[in-house]
Amino acid sequence: MKIAYARVSSQEQNLARQIARLKAIPVDRIFAKKQSGKNFSERNKLKNLLFSLKKGDIVYVTSLDRLGRNANDLTKLIQLIREKGATFQSLDLPDFSAIPDPNLRNMLNDILLTVFKFQAQSEWERIHERQRQGIEIAKTKGIYKGRPVLYSALTNNIHRRSIYLAIKKDLKKGESAIRLAKKYGVSHSTVYRIKHELHL
């Protein structure tokens with residue numbers, strides 16, 4: 001089977017472009033998720049994909065950073081795919097499937113993946129370094145207000161406000177924070193913050 005994984009790092013981003021490229025292959029199944037790529041342990045869609053893999057399957061992503069940005073995590077993920085007897089293909093990397101010698105094919109793939117894993121992690125580190133520098137500059141100017149609260153009764157985003165109110169209502173009914181985080185596609189810390197507001 002040809003299986004694809006698509007991911008964007010926030011609820012506001014659109015998965016449509018990735019899904020359209022993956023359907024054009026075409027693939028048999030797509031696992032899609034709106035979630036940060038920094039922590040593999042919280043990415044249930046990816047875990048489900050790995051669990052479903054069988055020997056001979058091919059896993060597709062539109063670009064390597066959709067699988068993750070941390071080089072160590074990427075190495076582990078690709079190794080898990082191979083241990084299942086499946087192969088991995090990123091659409092932003094050359095496809096060596098036409099090379100008949102499997103040893104040469106794997107060697108070329110490994111070289112490319114090593115380079116691109118390093119590039120993905122370096123880019124992630126550069127982004128965070130720029131963010132850190134921006135925060136430091138804002139602090140010295142006295143204009144840094146910290147991260148905005150995305151889910152609250154005061155947010156201008158109607159969708160987020162409705163999610164906030166729904167979580168609040170469910171918490172009052174006694175539903176667990178872990179289940180609500182999964183139900184509404186938000187982080188555990190968001191649900192616990194709302195729970196703390198309710199003094200529960």
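This passage describes helix α8 with its residue valine 191, and then the second largest pocket, in a predicted model. Residues are numbered from 1 along each chain as its sequence is written, and side-chain values use heavy atoms, with hydrogens and water left out. Because the model is predicted, local features need pLDDT of at least 70 and side-chain atom pairs count only at pLDDT 80 or more, whereas totals for chains, interfaces and linings use all residues.

Helix α8 spans residues 188-197 and contains valine 191, helices being DSSP runs (H or I, at least four residues) and strands likewise (E, at least two), numbered from the N terminus. Valine 191 is buried, with a relative accessible area of 0%, where buried means under 20% and exposed over 50% (1.4 Å probe, protein chains only). Contacts of valine 191, defined by heavy atoms within 4.5 Å, are made with Ile167, Leu171, Ala177, Leu180, Ala181 and Val186, not counting residues up to four places away in sequence. In α8, Thr190, Val191 and Ile194 are buried; seen down the helix axis, the buried residues fall within an arc of 95 degrees, so they line one face of α8, the arc being that of the directions from the axis to the C-beta atoms. Ser189 and His196, on the other side of α8, are exposed, and the cover over its buried residues includes α6 (158-172) and α7 (177-184).

The lining of the second largest pocket comprises, by class, 8 nonpolar, 6 polar and 3 charged residues, with Ala, Val, Leu, Ile, Met, Phe, Trp, Tyr, Cys and Pro counted as nonpolar, Asp, Glu, Lys and Arg as charged, and the others, Gly among them, as polar.

Key. 1 Å grid on protein atoms, 1.4 Å probe; cavity = no way out; pocket = protein on both sides within 12 Å on 5 of 7 lines; lining within 4 Å. Points joined across faces, edges and corners; volume = space filled by probe spheres on them.
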